[in-house]
Amino acid sequence: MSDVNEGSSFGGGNFPEFIARERERLRAEREQIFSQQKELQRKLDAVNREFAAIEVYETAKTGKAARPVPASRQPRVRRGSRREALLEIIRQSDGLSRGEILERMGLKGDKSGEMSVSNALTTLTKSNQVHREGGKYRATK
């Protein structure tokens, strides 16, 4: 039995070469998109810091807490960023319980945020980035 791809021509080469070129093209395109995404996230973080600074200034100037931003106007958390923040908080400590993590992240009482942290902890545990020891989550070395 002969190989079906053996005499085929895909852009001046055989099928495996064509696939290798396409993989490389897609890898490069994905890297470019990730770079753009990082730059946009950096810009968004800078704008959010400015908003926070304005809120602090208003609070200091008036002596009253600034009005809270309605939930619909709060930026949506980029997928994976909560996991990264969570991992960083765990790394900076000598082990934290789920409740302590929620308090540090300011999510205590936010059902959606609490569920997100629980899911992220499960994912980080399954990927061996954190482990649980005595009711506390610790970064795996």
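At what angle do helix α2 and helix α4 pack? The angle is about 70°, and the two axes lie 10 Å apart. This is a predicted model. Its secondary structure comes to four helices and two strands. Read from the N terminus, the elements run α-α-α-α-β-β.

**The chain as a whole**

- The chain has 141 residues, and 13% of them are buried.
- Take the contacts with a separation of 6 or more: residues 24 or more positions apart account for 40% of these.

**Helix α2 against helix α4**

- Helix α2 covers residues 81–91, and helix α4 covers residues 111–126.
- Angles from 65 to 115 degrees count as roughly perpendicular. The pair α2 and α4 is therefore roughly perpendicular.
- On the α2 side, the residues that meet α4 are R82, R83, L86, L87 and I90.
- On the α4 side, the partners are G113, S116, V117, A120, L121, T123 and L124.
- By class, this contact has seven nonpolar, three polar and two charged residues.

**The nonpolar core**

- In soluble globular proteins, nonpolar side chains tend to be buried together.
- Here, the largest nonpolar core has 14 residues.
- The residues with the most contacts inside this core are L86, I90, I101, V117, L121, V130 and Y137.
- Helices α2, α3 and α4 each supply at least two residues of the core.
- What does L86 touch, beyond residues up to four places away in sequence? Its contacts are I101, M105, V117, A120, L121 and L124.

**A buried charged residue**

- E114 lies in helix α4.
- Is E114 buried or exposed? The cut-off for buried is under 20% relative accessible area. E114 has 13% relative accessibility, so E114 counts as buried.
- Leaving out residues up to four places away in sequence, E114 touches R98, L102, L107, K108 and G109.

- Strand β1 spans residues 130–133, and strand β2 spans residues 136–139.
- In which sense do β1 and β2 pair? They are antiparallel, with four bridges.
- H131 has R138 in β2 as its bridge partner.
- E133 has K136 in β2 as its bridge partner.
- Two residues sit between the strands of this hairpin.
- G134 takes a positive phi near 60° in the hairpin.

**A loop residue beside the hairpin residues**

- S97 is found in the loop between α2 and α3, where α3 is residues 98–105.
- S97 is at 21% relative accessibility, so S97 counts as partly exposed.
- Beyond its neighbours within four places in sequence, S97 is in contact with G135 and K136.
- How many residues apart along the chain are S97 and Y137? They are 40 residues apart, yet their C-alpha atoms are separated by 6.1 Å.

Terms used: Residues are numbered from 1 along each chain as its sequence is written. This is a predicted model: local features need pLDDT of at least 70, side-chain atom pairs count only at pLDDT 80 or more; totals for chains, interfaces and linings use all residues. Side-chain values use heavy atoms; hydrogens and water are left out. Axes are lines fitted to C-alpha atoms, for helices over the stretch in contact, and angles run from 0 to 180 degrees between N-to-C directions. Angles under 35 degrees count as roughly parallel, over 145 as roughly antiparallel, 65 to 115 as roughly perpendicular and the rest as oblique. Contact means heavy atoms within 4.5 Å. Ala, Val, Leu, Ile, Met, Phe, Trp, Tyr, Cys and Pro count as nonpolar, Asp, Glu, Lys and Arg as charged, and the others, Gly among them, as polar. Two strands pair if DSSP finds at least two bridges between them. Buried means under 20% relative accessible area, exposed over 50%, partly exposed in between (1.4 Å probe, protein chains only). A nonpolar core is a set of buried Ala, Val, Leu, Ile, Met, Phe, Trp, Tyr and Cys residues joined through side-chain atoms within 4.5 Å.
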